[in-house]
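Reader: I have a structure open and some questions about side chains. Can we go through them one at a time?

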Amino acid sequence: MLLPVLFTLGLLSCSERGRSARPGSADWFRAMPDERPQMLNVDVPFRYPLSLYERKIQGNVLLRLFVASDGLVVPDSTRIIEPSGHPELDQAALAGVSRLRFRAARLRGTPIPVSLIFPVHFRHPEGPTLPGDSL
C-alpha cells in the first residue's frame with residue numbers, strides 16, 4: 001500500500017564570503033553551488049506510520065541534513081529543526097533519510113557537499129488542510 005507523503009527540498013542560504021571559495025580551501029563548504037542537489041529517488045522513502053494514517057493524523061517535519069559530494073546523506077548529520085508534534089511522524093521522517101539519494105550540488109562543475117533544509121509532509125487524502133498547504 002502506497003501511503004501519500006509529500007516533500008520538498010530547500011537549500012540553506014550560504015554566505016557571500018564563501019561564493020569565491022574553491023574546493024580545497026578552508027571555506028569551500030560554505031560556497032553557494034551553481035547547481036543545487038537533485039533528489040534521485042523515484043519513490044519517496046518516507047513511510048507514514050499506519051497507526052497515525054488510520055486516525056488521519058497529519059504533520060510536517062522540518063529536517064536539516066548534509067549531502068556529501070557523492071550525493072549520499074552523511075550518517076548522523078540529520079537533525080529535526082521543527083518537529084511535527086507527533087514523535088512517530090518525526091521518527092518516520094528520520095528513518096527515511098537514509099534512503100535518500102541525490103545528484104550532488106555542483107560548483108563550477110565540481111560536486112560539493114551542502115547542508116539542506118528538507119521538509120517532509122505527511123498528508124492523509126481525507127485529512128483536513130493544514131496551515132501553509134496550498135489548495
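Reader: Which backbone atom lies 3.3 Å from a polar atom of the side chain of Ser77?
Author: The backbone nitrogen of Phe66. Keep in mind that this is a predicted model.

Reader: What lies 2.7 Å from a polar atom of that Ser77 side chain?
Author: The backbone oxygen of Val74. The Ser77 side chain therefore has a polar contact with a backbone nitrogen, that of Phe66, and with a backbone oxygen, that of Val74, since N or O pairs count within 3.5 Å.

Reader: Where is Ser77 found?
Author: In the loop between β4, residues 59-67, and β5, residues 79-82.

Reader: Is Ser77 buried or exposed?
Author: Buried, because its relative accessible area is 18% and the cut-off for buried is under 20%.

Reader: Which residues is Ser77 in contact with, leaving aside neighbours within four places in sequence?
Author: Arg64, Leu65 and Phe66.

Reader: Changing topic. How many salt bridges does the count come to?
Author: Three. In one of them the side chains of Arg103 and Glu35 meet, at 2.9 Å from N to O. That pair links distant parts of the chain, 68 residues apart. Arg103 sits in strand β6, residues 102-103, and Glu35 in the loop between β2 and β3.

Reader: And how accessible are Arg103 and Glu35?
Author: Arg103 is partly exposed at 29% relative accessible area, and Glu35 is partly exposed at 34%.

Reader: Which side chain does Lys56 meet in a salt bridge?
Author: That of Glu126, at 3.0 Å from N to O. Lys56 is in the loop between α1 and β4, while Glu126 is in the segment after β9, 70 residues apart.

Reader: Is Glu126 buried or exposed?
Author: Exposed, because its relative accessibility is 58% and the cut-off for exposed is over 50%. Its partner in the salt bridge, Lys56, is partly exposed, with a relative accessible area of 36%.

Reader: What about Asp133, which side chain does that one meet in a salt bridge?
Author: Arg123, at 2.8 Å from N to O. Both Asp133 and Arg123 are in the segment after β9, 10 residues apart.

Reader: Is Arg123 buried or exposed?
Author: Buried, with a relative accessible area of 10%. Asp133 counts as partly exposed, at 27% relative accessibility.

How values were computed: Residues are numbered from 1 along each chain as its sequence is written. This is a predicted model: local features need pLDDT of at least 70, side-chain atom pairs count only at pLDDT 80 or more; totals for chains, interfaces and linings use all residues. Side-chain values use heavy atoms; hydrogens and water are left out. Helices (H or I, at least four residues) and strands (E, at least two) are DSSP runs, numbered from the N terminus. Buried means under 20% relative accessible area, exposed over 50%, partly exposed in between (1.4 Å probe, protein chains only). A polar contact is a pair of N or O atoms within 3.5 Å; within protein, one must be able to donate a hydrogen and the other to accept it, and residues adjacent in sequence count only if both atoms are side-chain atoms. Contact means heavy atoms within 4.5 Å. A salt bridge is a side-chain nitrogen of Lys or Arg within 4 Å of a carboxyl oxygen of Asp or Glu.
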